[in-house]
Amino acid sequence: MLCKDYGRLTAALAASMLLSACGGGGSSGGASSTAAPPSTTPTTTPPAAAAPTVADASRLLEQATFGVTASDLANVQSIGIDAYLAAQLNVAPSQYTGFSYTPHTAPSTCKSDGTPGDAASICARDQYSNFQVQRQFFIHALTGPDQLRQRVAFALSQIFVVSNIEIYEAYGMADYQNMLLKDAFANYRTLLQDVTLSPVMGHYLDMANNAKTNAAAGTEPNENYGREVLQLMSIGVNALNADGSLQLDSSGAPIPTYDQAVVDGFSAIFTGWTYPPLAGATAKWNDPINFDGVMVSVAAQHEPASKLLLDGLTTSANQTPEQDLKTALDDIFNHPNVGPFIGKQLIQHLVTSNPSAAYVARISAVFANNGQGVRGDLGAVVTAILTDPEARGDAPTATDYGHLREPAEFVTAPIRSLGGQSDGVYLESASAAMGQPIYGAPSVFNYYPPSNLLPGTSTLAPEFAIANAATALARANFINTVIVQGGVAADPTVTGSTGTSIPLNSFAATTDPTALVAQFNQTLMHGSLSAQASAIIASAVASQNAATPLAGAQTAAYLILSSGQYQVER
Amino acid sequence: MKRRSFLCHAGALAGTAALGQLGSLAVSAGTGNDYKALVCIFLAGGNDSNNMIVPVDTAGYANYATVRGDLALPQAGLLPLQEAGGVLRYGLHPNLSGLQSLWSSGSLAVVANVGTLVQPLTKAQYLSTATQKPESLFSHIDQQHEMQASIASVSSNTGWGGRLSDQLAAMNLNASVPPMISTGGNNLFVTGAASQALVIPTSGSFGLNGFTSSAGDTARRSALESLLNVDQGADLVAAAENVMTGALSSSAVLNPILTASAPTVAAPFAGLTTSIAKQLLAIAKVIEARATLGAQRQVFLAVLGSFDTHTDQINQQGSLFSQLDPALTAFHTAMADIGAGSDVTSFTLSDFSRTFQPNTGGGSDHAWGSHQLVIGDAVKGQVVYGTMPELALGSPDDEGNEGRWIPSIAVDQYAATLSSWFGASPSALSLVLPNLSAFPAAPPAFL
């Protein structure tokens, strides 16, 4: 599951995608997109575009939101894809609210004692676990007006990973995710610095209180953040071409982007930072854990020696922590790998697991220059990803196109599209059972790696790293609960709890099985359900008790939502 | 993967394991006379094995303690591993008392300094740019990949457990479940050329909810299964459908076994609530049902994470070992209780060990060769196999000067011993471990 075989994949991908990608040929959706960078920047006036087709507009919303709604669909059809995206870039973030500092060690009056609903348990649940943050995640995903920002921030949270396994304090996780929401369309350089100086990341990957070399004790700086910021958050382990393919040396081997000496260099760069002081306190080395604010420097604990960075760059000795940080983050930011490395992952999160090399190259070009000479404009990158010809069209035909809906999207989309509601409590437990506890990845390597392959093939399929018998049953059983069993009741221990429910009464009014299936097909999957599958489902609907029309609607919705065709967004 | 290949690797299960046919499976069960299982315990994140096996002789401990500093375990707490002939060189981490008992009873062996290699490697060769070295050393994901592949390149797409299962498929023709089962999610180790492990949950039901015997539900269930056979032209759609197909057939067989009220193997696990204990209990339940399930060669994978101890190494690893030790001990007892003590061999793997030199944060960083544990009544125990590295920074075993040991035993050789015991013929072994011939030394003879 852990392959990184970009090189071998590229040829096969290029061949297949050249033949069959961009299935929107002939659709007006294809015509509405602006293909060639750098003209994709939203700040320029887009050319007059024909209204997108229903299917293409619906596909855009599957990629850019947590589920297609009738009102969003009408809006996109009315104003066009470019205008919709431009507007989304400017919607303010729906932020995590209601959290405040708590000491890292829970007070003795606040513990999980197995008594649901008592004060001690609620304190442990609401302040010393991510429960309320996860709940708010789903509320934002279901109802936030900033849908694209929420989708992109969630994708970024899977690249710049922190996990509630260590960040269990709700206020800390809220702070960090608010930062990602703020930076979702900002410049990558801003994001990189905000992540680096976040005390939450500082805690998770040990940059906080990372001390300089101590010769007397025989110790050297902690290498955790220095290594992973390179490997996972910016450039990756091997040199890439702009199209995402591996650069190879004369013997055909990949070319490492850094070695242990460079990891040592970055580890030394990231010394001399501690947690922000608590209110009223003075900053000092080994400040206690505090996630509010940004980390502060303590120059006396910063490694004074010169550091080796990427591609032979060395820093001057005796720079301040801030000077070293700027040198190092600029070095990373300007590495040519960042565009294809980050761009390809964002494509995989939003559009398709197997983008063509040309698609990746177009996004890399926008990362390098947003059309106004600016490198790293994430808003322009996201816009380019979603307006690319390979993203648009009514019905892509490449056999390796699309991606498995990740659990968070799988549990929210039916609720948004079918007019349901949820307080997020059940959605979190359901998503976790499918392998995706929100903000709870098992390690900094996320729930699944971008390089994951379908077993025995060279087809990239990141989300399939958490697709297995246990999680497949969890998906079907979730649909059973919300569609067939009537949902989940409110939790009396949660203030404002409403449970989770999806009313299907309006669909029950359609009594003709074929018409009913067609209605769900349009609502849930832009009419892409095959005729063969539609017929199977209509037959099952016809077998339901006619005296209870709801049974027919439940049958149709259950079978569509649990199908492979629905679960893979194409 | 297309449906046909899935059915191929799924063996007989699709044909025989419809709902309610468990009884008939028992009738066609294997003899039970020839059964073996390998259980991989993957210590994810990189287990600092410098603190798992520690020198206890005076000079050796003094050297260890000098370099390890705050990470040095107190000498008095180390659990002696007396070797055959009365030699005492090493001690176990103090939280591994159950494993010390297994050592004393001859059911535990230590294999020293195992890791990813392209060929036998000296320090001089390592420092030469002309010598082939494993790709992306010291990187979690890549070294996990290479340890599970037993190929020192990140481009392999099968694991050695998977290839071993492929080679022994003829032993599992009567099996009603896939030959590989994981309680630790999808992993390369249990991915073969055309097969993938069944991933089972360790608590709750492993079944499909919401179907009664009503006519309407029967029609819905029938449609659900029919839908799994259509529209396989799209790769990812086909993959999703195939996962569900396997889930439906396997869960029908295994759910009654996993949720049975009082299997024999449960008793040794009484009171254990950790993830690794639950995983090993689930695996033990499957093994207890081996005659019913009909498989004669099963490969299992359990995963215990959080070994990435860049900080607070002493407490974090201590806590993890406190979870691991009783779980492994209970599993060994459970296997003996069902008469499978000699038929089941458990063994560890990890991403890598960690730097012998501590960092300034009370932890250690990513390194290379690591010591492994092998457990079972078939194990030739009370022996440390291989050569311990010279525990000095910059020593001939150190790739640099922070204590990253160049492995003296390739994971290929370690896997060869396990695979041969499992039943791989020499010709099969060359397919399971395609790079084994690069290592002329005989594999360590711990089985």
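**A short tour of chains A and B**

Start in chain B: select V54(B) and look across to G91(B), its bridge partner in β4(B). Keep in mind that this is a predicted model, in which local features need pLDDT of at least 70, side-chain atom pairs count only at pLDDT 80 or more, and totals for chains, interfaces and linings use all residues. Residues are numbered from 1 along each chain as its sequence is written, while chains are lettered from A and ligands numbered from 1 in the order in which they are written.

Next, show β2 (residues 53-55) and β4 (residues 88-92) of chain B, which are antiparallel and joined by three bridges. Strands here are DSSP runs of E with at least two residues, helices are runs of H or I with at least four, and both are numbered from the N terminus; two strands pair if DSSP finds at least two bridges between them.

Pick L81(B) and you will find Y90(B) of β4(B) opposite. Five residues lie between the strands of this hairpin, and G85(B) there has a positive phi near 90 degrees.

Over to chain A. Colour domain 1 (6-90 + 339-406 + 447-467), domain 2 (224-333) and domain 3 (504-569), with bounds from an automatic or database domain assignment. Where domains 1 and 3 of chain A touch, the contact (C-beta atoms, placed from the backbone, within 7 Å) takes nine residues from domain 1 and six from domain 3. On the domain 1 side, α3 (54-64) and β3 (403-404) of chain A each supply at least two residues. Finish on α3(A), which gives the most to that side, with four residues.

Technical notes:
Contact = placed C-beta atoms within 7 Å.
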